Amino acid sequence: MAEAAGDIIAAPRQDGAPGLWGPMLRRLTADRGALLAAVLLLAIALACAAAPLYAVHVAQTDPFHSNINGEITIDGVQRPVIEANTEGLGLGQTPIGPTGRAQYLLGADSQGRDVAARLLYGGRASLLISAVATLLGMLLGGTLGIVAGYFGGVADAVLSRLLDVLWAFPVYLLAISMSIVAVGSGLHLGPLVIESSNPLLPALIIGLVGVPYVARPMRAQVRALRKSEFVLAAIGFGVPTPRILRVDILPNVSGTLLVLAPLLMAINMLTESALSFLSIGVQPPAASWGTIIQDGLALLYTRPLVALAPGVTIMLTVLSLNLLGEALRDALDPRLARRR
Amino acid sequence: MIRPLLARLAQMIFVMAGISVVTFAIFFATPGADPSARIAGRNASPETLAAVRLSFGLNRPLPVQYGLLMKRLFVTQDLTSFMNRGELVVPQIFAATPVTLSLVGGAALLWVGGALLFGVLAALRPGRMLDRGLMVLGLVGISMPVYWLGAVVNLVTQSRLHETWLFSWVPPLGYVAFADDPWGWFKVLLLPSFTLSVFYIGLYSRVLRSALIEAHQEDYIRTARAKGLSERRILLVHALRMSLVSVVTLFGLDFGALVGGGALLTEVVFGLPGIGKLTYDALQTLDLPVIMATVMYASFFVVAANALVDMLYAFIDPRVRDA
Amino acid sequence: MVVQQRRRGPLAGRWVVLIVAALAGDALATSPAPNDPHRGGTLRVLAGSGAGTIDPQVNYTLQFANLYQSVYDGLLAYKKAPGAEAFTIVPDLADAIPKPDNGGKRYVFKLRSGIKFSNGREVTVTDVAASMRRLFKVSSPTSGTFYNRIVGAEACISTPTTCTLAGGVVADTKAGTVTFNLSEPDSEFMDKLAFPHAVILPADAPSKDVGVAPIAGTGPYQIVSYDPKKQLKLTRNPHFKLWSADAQPDGYVDEVNFDFGLSDEDQTTAVANGQADWKYDPVPADRLPEVSQKYPKQLHISPLTALYYLAMNTRLAPFDNPKVRQAVNLALDRNAVVKIYGGPRLATPACQVLPPGIAGHEPYCPWTKNPGKAWSAPDLDRARQLVKESGTAGMKVTVISSDVAVEKQMGIYLQSLLQDLGYDATVKSMSANVQFNYIQNTQNKVQISVTSWFQDYPAAADFLNVLFSCASFREGSDSSVNISGLCDNGLETDLQRALATGVTDPNAAAAQWAAIDRKVTDSAAVAVMFNPKRLDFVSKRLGNYTFGAQFYFIYAMAWVK
């Protein structure tokens, strides 16, 4: 009886339209900003995926191999990749700057490696870590938020305090400690061993940090939903909770989750680069955009491009992700769209 | 009214206690965190090492050490650092507080002002060039890693263009107390506050803009328009007032986190000896007493800000209030 | 910065210089006269942070040893003179360097009279005896290693609080002398008395580590305040009167301010902009071209008796196999690591443990393409062959470096090198404060690490004995500075013999140290990379920059007006 009642009292879609995804997609593709963002993201992802091709065929280099005493021929002139300074007292060694050629397009870093090739490989690591962290954050944060918002009471209090702990947690301490612990034998979680170089480690930390960003809006929305007429009616009719969650709550929050995903990924990319500052995450000689920035900051005064390039790529990627998130939100709820 | 307040207070203390225990556990789980050898000096004989451990109480069982640490931090307030022997920790916190407050306060002024300006301008004519331009600018703002931006600002203002009239006024990195030199204090904080505010201007201008636009759809706005009020008046007076609610609560959370030491990377890049830098240095040197103190300080502000915001929400919006 | 200098100079050499100096009179005195126009002003110094406790008998850092040289005095001191002359030991609070009697086990020092602490009280032999006891009471890092041969020291080491040093340090107030009785002769005892841990403090100084509370001293400057996060301030000692320009000259500036908190990049910018006079931390690599080009006259380069090396764990695979260690030594491109450090003008490639300038150093390099006296090029082929012979190719190896920029880069280069040799290599950098002790503890199973060693005083034993004797290896301890874990009976005998010979015949000892140096280098327990040089970047207004090889920049001798 309750089952049948549940079927009858299916939750109406919030925007009143007959379907959710159809009109949304239409609005999305009409939005030029969103298209631009999507294209840009795709281009970046593809370029990074093609990193091995670039390294082998274009730059002809191994971007993880130190090349401090290497030499390169430009316009017939052979030059060391890391050159001694000859002015004044002749102190200091400077990597070559951007050559504009296939080899060392953006110059070399302090180990004599090709920055452009590392940038592409770095993108793979940064995007992968951020994506995994985002997935983690969405799953965990979504679950926490929905449970806290729906059940209220003690569960809500406990989970909200848990979120407080996560929010206020000394992430950097955890990061530093984990980086030292994981040095020798890796992190042991029962039968599971995570090597210190495994990108899963930073993804885990960053994912945890991002949980409140998802849980809070989820909780707020679900709390409001919980008090809406159709949910109250369903409860009144004795519809079992899992069914209510599945049929009434989930479809209505899925839009918010979708909007949150790219925004969360943007935040996670920034967190990843900040954690690279503290040597947790991708271990040398592997690269992520954050570690290249860190290398570049040590070269800021002589070869600023090494720090500028990854910063700009992070900015472009995060920008596209944010644009996409905004466009998704606009497409989902036309009331928020710009007035024509 | 009092009961939920007390309950919330109890929860706050519980959260902070939980954080302190986890911090303590993480510290002692980290190999190489034992400061005895560092303090004893290189190539110290085993006897010297043992003597140092004894004098720091590091040979006591962990729960005892935890209890002593908490007591010294909160009750007797005579907690001393591991790295710098004899240096009291609590006065360090208090000395660093005005620096962080100045930085975060200045940034807050900038970002609230900037967000209001950009958000309102953008919402006035949504969809037009100004709106799109400002929003892209805002997006750029929230897409830059703050320590990277700070390093670039330093590169330009301290080194590359330091000689030019544009930046010759830029003082050396570091902090000048307001009591010592008000004008110097202002100059020292200008660029760091600006750097810190960039992210938040971007974020808040967007939040404000979408909140304003959403408010515009509300029924009472339609009523006001029907009554014949000008668009500008509607926007500035009515819509703004409702939108400010969400902005204010967001502001409370962010400000709380920053005051507690969230501006860590900005302080490090600009050499400002605030709470963030104190935390960062303590983490680098694995100085447990200072780590514990700064973590407690930070978590207090975050938890308190959360509680305040939740209570504010319950107060303003009856729909959200618990039955 | 826990970079400590150790020095060992040839005793013979020192005697010669002393005699010459005594004959030539105080020809090198540069103490400023009261009406010298350069007197006055404030010296502004920058450092990343304070270096821990301000207690001179506990602090074991280079940063504060440099500070103490003009604040405190011992019975003996290192001469305040440029370069290697600063290795010379001169009498300071004592009026002469005594010759030992009783088979080299007894030294009688006569205290100069009329010298006052900055609190106005005169220095007496009671203060001397009390200071030596205090050394044990505060558990000074070197109490068990440097001063353990004083009679009564053993009891003091086991129960510091009741330390009496009865029979070990005897003060005779009537005669104004202090007698030191040793349990056995010590050829380096003079160095140890000139070392900062043996400075003379007021007898009523607290018997525990003072932390941040300054103790009164006898030098031309006194510490008035110390906040490890903000500033350390020195002003003139009002009770200072010149007694020996060689040991403790008066200072030119009236005040010295050490300001803490800025990163090394920001420190460089500050000095370049004239906002500070000297910076303690090194100039970061990417600023070298800039300062080299724009401020060449404000740069000073001085050689150091120090080395950067790779410590390989001789008790852990794959480095327990000598062939592997030899392979690393042969494959190491010392030019590359020199480049990382800043180039050939700031570092010199080296293969052996003893740096130039230490008695017993005879140029020797077996780990290069054409073995002989100096390093020329790596021999990657022979290295790969050795790895193949060892059968360890493909093993996992982790390199541990600190997060100091140049060391981190060296670690990354090393990872690449080990990969070339056929290993599955990774590198991990950790906080500099943690790394040095981490790599010493055998429980952490560190295979290979990047580290450095700076002398305490100029003696070969400070390198070879301290770094490679069995006594310096302690299982499961954070303090086991024989990181390689080398413990060889033959080597032990050689070390003891050289130490004993040094008491009577320093020249013969030097030859023995040279042989030990070759032996240790051949064992390839470590892979020495280079000997660094010190680069000081000073402000335009700073004059009379003097670099002493023992304590580095002698700030008392610099002027700003």
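## Disulfides and nonpolar cores: worked exercises

Cys487(C) is partly exposed, with a relative accessible area of 40%; buried means under 20% relative accessible area, exposed over 50%, and partly exposed in between (1.4 Å probe, protein chains only). The model is predicted: local features need pLDDT of at least 70, side-chain atom pairs count only at pLDDT 80 or more, and totals for chains, interfaces and linings use all residues. Residues are numbered from 1 along each chain as its sequence is written, chains are lettered from A and ligands numbered from 1 in the order in which they are written, and side-chain values use heavy atoms, with hydrogens and water left out.

**Exercise 1.** Determine how many disulfides there are over all chains, and state the pattern in chain C.

*Solution.*
1. A disulfide is a pair of cysteine sulfur atoms within 2.5 Å.
2. By this rule, there are three disulfides over all chains.
3. With bonded cysteines counted along the chain, the disulfides of chain C follow the pattern 1-2, 3-4, 5-6.

**Exercise 2.** Describe the disulfide between Cys470(C) and Cys487(C).

*Solution.*
1. The S to S distance of this pair is 1.9 Å.
2. The torsion about the S-S bond of Cys470(C) and Cys487(C) is about 105°, so the disulfide is right-handed.
3. Cys470(C) and Cys487(C) both lie in the loop between helix 13 (461-468) and helix 14 (489-504) of chain C, 17 residues apart. Helices (H or I, at least four residues) and strands (E, at least two) are DSSP runs, numbered from the N terminus.

**Exercise 3.** Is the disulfide of Cys351(C) and Cys365(C) right-handed or left-handed, and are its cysteines buried or exposed?

*Solution.*
1. Cys351(C) is joined to Cys365(C), S to S 1.9 Å.
2. The S-S torsion of Cys351(C) and Cys365(C) is about -50°, so the disulfide is left-handed.
3. Cys351(C) has a relative accessible area of 4% and is buried; Cys365(C), at 1%, is buried.

**Exercise 4.** Which residues have the most contacts inside the largest nonpolar core?

*Solution.*
1. A nonpolar core is a set of buried Ala, Val, Leu, Ile, Met, Phe, Trp, Tyr and Cys residues joined through side-chain atoms within 4.5 Å.
2. The largest such core has 172 residues, and those with the most contacts inside it are Leu67(C), Leu232(C), Leu234(C), Met410(C) and Leu418(C).
3. Helix 8 (residues 182-216) of chain B gives the most to this core, with 11 residues.
4. Residues up to four places away in sequence aside, Leu67(C) touches Ile54(C), Ile223(C), Leu232(C), Leu234(C), Phe258(C) and Tyr555(C), where contact means heavy atoms within 4.5 Å.
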